[in-house]
Amino acid sequence: MGEALLSRDGIRLGLTAGDRTEAIRQAGEILVDIGAVEAAYVDAMHEREAVLSSFVGEAFALPHGTDASRVHILRSALAFLQFPDGVDWEGEKVRACIAIAARSDEHTDVMARLATVLLDGEKAELLRSTDRPDDVLDLLEPSAERSPS
Amino acid sequence: MAEIKGSEVKHVIVACEAGMGSSVLLTTQLSKRLKPYGVTVEHLAVNRIEGRPDVVLTHAGLADRARQQAPESVVLAFTMFLGDPVFDRLEEAIKEDGTLSS
């Protein structure tokens, strides 16, 4: 098992964003804050989104940069952002974003878990509504460290 | 127009703009579904497609670019990452040796 790509410091629950651009800006800021990407990567996230919406269904979106912008990734990492009130995403409603900074295929395991979660209505709703970061880790990154309890 | 028989499909490419987000998600799902038929599924940025993959699956917004990149491949476009009918069509054709065309 490799190093966890999603960790507690990349999980932000109960956020609000006025529109898609603001949600992506927030997603990019987290990736910058946790030392995963340079600021130029965030520009590429907006650019990528303009080419094609990153909405994938079940009120989830997967914002990320362009192929060329991989050079601005310092280390592969993921961020999880939850918007309980929803964000308008080109006519779709998004309540959770997984922001991706991946140099190659390190995040395949997390994406496979996400695919399973999205096909399970109850688990998908838990990710969209929980106020416990550990719920997010349990479903997407079970190998990550938990909060002390 | 490209065409292929279901029994000839051994290699499917899921193409995305960067090959980092939704295509990875879809690849993990489709790999599971198509593995029993001996079909491998791989994801790639649309600009990195080379040669003549048996089938290229891509979002409708990228289909023209995928066709330019792989003019001899069957290019199937979807609009939904979860549960688009084209995924059932692909599996059905592979299972029943039906014809896929683009």
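Predicted model: local features only at pLDDT ≥ 70, side-chain atom pairs only at ≥ 80, totals over all residues.
Colleague: Okay, sheets. In what order do the four strands of the open sheet in chain B come?

Modeller: Strands of a sheet pair through backbone hydrogen bonds, either parallel or antiparallel. In chain B the order is 3-2-4-5, with parallel pairing (two strands pair if DSSP finds at least two bridges between them). Strand 3 (40–45) and strand 5 of chain B sit at the edges with a single partner strand each, so each has one side without a neighbour in the sheet. On average, neighbouring strands here are turned by 25° against each other, direction ignored.

Colleague: How many bridges join strand 4 of chain B to strand 5 of chain B?

Modeller: Five, and strand 5 covers residues 74–78. Take two of the pairs: His59(B) faces Phe78(B), and Thr58(B) has Ala77(B) as its bridge partner. Strand 2 (residues 11–16) of chain B is joined to strand 4 of chain B by four bridges. There, Val12(B) stands opposite Val55(B) and Ala15(B) opposite Thr58(B).

Colleague: Why is strand 4 of chain B described as largely enclosed?

Modeller: Count neighbours: a residue is buried if 20 or more other C-beta atoms lie within 10 Å of its own, exposed if 12 or fewer, and partly exposed in between, with C-beta atoms placed from the backbone. Five of the five residues of strand 4 (residues 55–59) of chain B are buried, so the rest of the structure largely encloses this strand. Val55(B), Leu57(B) and His59(B) point one way and Val56(B) and Thr58(B) the other, and all are buried. Strand 5 of chain B has four of its five residues buried, so it too is largely enclosed.

Colleague: Is Glu90(A) buried or exposed?

Modeller: Exposed, with 10 other C-beta atoms within 10 Å. Glu90(A) lies in the loop between strand 4 (77–89) and strand 5 (92–101) of chain A, and has a positive phi of about 50° although it is not a glycine. Over in chain B, Asp97(B) is not a glycine either, yet has a positive phi of about 55°. Asp97(B) is in the loop between helix 3 (85–96) and strand 6 (99–101) of chain B.

Colleague: Now helices. At roughly what angle do the axes of helix 4 and helix 5 of chain A cross?

Modeller: Two packed helices are described by the angle between their axes and the distance between the axes. Helix 4 (residues 121–129) and helix 5 (residues 133–140) of chain A cross at roughly 140°, with axes that come within 9 Å. Lys123(A), Leu126(A) and Leu127(A) of helix 4 make the contact with Asp135(A), Val136(A) and Leu139(A) of helix 5 (contact: C-beta atoms, placed from the backbone, within 7 Å).

Colleague: Which strands does helix 1 of chain B lie across?

Modeller: Strand 2 and strand 3 of chain B, running at about 160° to strand 2. Axes are lines fitted to C-alpha atoms, for helices over the stretch in contact, and angles run from 0 to 180 degrees between N-to-C directions.

Colleague: And how many residues does the contact take from chain B and from chain A?

Modeller: It takes 18 residues from chain B and 21 residues from chain A. Helix 1 (residues 22–34) of chain B gives the largest share of chain B's side, five residues.

Notes
Residues numbered from 1 in each chain as written. Chains lettered and ligands numbered in written order. Contact = placed C-beta atoms within 7 Å.
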